[in-house]
Amino acid sequence: MSRVDLRRAVVLTGCPDCFVAGADVREFAEATPVQMYERHAERLWQAISHCPKPVIAAVNGVALGGGCELAMHCDVIIAGRQARFAQPEVKLGLMPGAGGTQRLIRAVGKFQAMRMLLSGCQVTAEQALAMGLISELVDDHEVLARALTFAAELAALPRLAVEQIKEVALAGADLPLDGALMLERKAFQLLFDSADQKEGARAFLNKRRPQFTGERNG
C-alpha cells in the first residue's frame with residue numbers, strides 16, 4: 001500500500017468556538033486610506049487563494065468579516081452545527097475588503113449574497129449549507145477530524161490531476177464558456193503525460209487498487 005503524502009492538502013482552522021471573528025476594529029478605527037493601502041493585506045490572502053493544493057476550512061463557531069472571507073478563500077468548507085457566517089462590515093460604515101463582495105456573490109448568488117452584505121446579518125450553518133456557502137455540515141466536535149480525513153482522501157489521489165482540477169475550475173469560472181472549455185480540454189490532454197493516469201487506467205482494467213505516485217510519466 002502506498003504511503004499518503006499529507007503535504008498535498010491544507011487544513012485551516014481556528015479554535016473550538018471561533019474560526020475567525022474578523023479584524024481588530026481598534027487597528028483601523030483611525031486609520032487613513034494610505035495606511036490601509038500600505039498594509040498590502042491582499043498579499044497575505046493571495047498565499048491562500050493561489051495555493052495549488054486543495055485548501056479546506058474547518059469552521060467552528062463564528063466566521064465573521066475577514067473570517068468569512070478567509071473561509072471563502074478555501075476550496076472546501078466543513079462547518080460545525082453551531083457555526084455562524086456573516087459579513088458585518090456595513091455596521092461599521094465599511095464594506096468587505098478581502099473579497100467578500102465578489103466571492104460571496106459567486107458562491108451563493110446575488111440575492112442571498114446581497115441580503116448578507118447589505119444587512120450584515122449572520123447565517124447559521126444550516127442556512128449556509130442550504131445556500132451553498134459551505135460544503136459539509138457535521139457535529140461540532142467532528143469538524144477538525146472530518147477536515148483532516150477529507151484532506152487525507154485528497155492527498156491520496158493523483159497530485160497532478162487534483163492540481164489541474166483546482167486550477168481549471170477556478171480560472172474557468174471567470175472566463176466565457178468557450179474559453180473555459182478550451183482550458184479544461186488542454187488540461188485533460190496534459191494529464192495523459194502523467195504516470196498516475198497510466199497507473200489509474202491499468203489498475204481499473206486489472207481490478208486492483210491504484211498506486212499513485214504524483215509523478216510525470218517516464
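Reader: How many helices and strands does the chain have?

Author: The chain has 11 helices and eight strands. Both are DSSP runs, numbered from the N terminus: helices are H or I of at least four residues, and strands are E of at least two. The model is predicted, so local features need pLDDT of at least 70 and side-chain atom pairs count only at pLDDT 80 or more, while totals for chains, interfaces and linings use all residues. Residues are numbered from 1 along each chain as its sequence is written, and side-chain values use heavy atoms, with hydrogens and water left out.

Reader: What makes a set of residues a nonpolar core?

Author: The members must be buried Ala, Val, Leu, Ile, Met, Phe, Trp, Tyr or Cys residues joined through side-chain atoms within 4.5 Å. Buried means under 20% relative accessible area, with exposed over 50% and partly exposed in between (1.4 Å probe, protein chains only). The largest nonpolar core has 29 residues, of which Val59, Phe85, Leu104 and Leu133 touch the most other members. Two or more residues each come from β3 (55-59), α4 (66-73), β5 (76-80), α5 (100-108), α6 (110-119) and α7 (125-131). The largest share, four residues, is that of α4.

Reader: Which residues are among those of the other core?

Author: Ile78, Val143, Ala147 and Ala151 are among the 11 residues of that core, which lies apart from the largest one.

Reader: What share of the chain is buried?

Author: Buried residues make up 36% of the 218 residues in the chain.

Reader: How is the packing of α3 and α4 described?

Author: Two packed helices are described by the angle between their axes and the distance between the axes. Helix α3 (residues 42-49) and α4 pack at an angle of about 35°, with their axes 9 Å apart. The axes are lines fitted to C-alpha atoms, for helices over the stretch in contact, and angles run from 0 to 180 degrees between N-to-C directions.

Reader: Which residues of α3 and α4 meet?

Author: Contact means heavy atoms within 4.5 Å. Trp45, Ile48 and Ser49 in α3 meet Gly66, Glu69, Leu70 and His73 in α4. The residues of this contact divide into three nonpolar, three polar and one charged. Here Ala, Val, Leu, Ile, Met, Phe, Trp, Tyr, Cys and Pro count as nonpolar, Asp, Glu, Lys and Arg as charged, and the others, Gly among them, as polar.

Reader: What percentage of the contacts with a separation of 6 or more joins residues 24 or more positions apart?

Author: Such residues account for 62% of those contacts in the chain.
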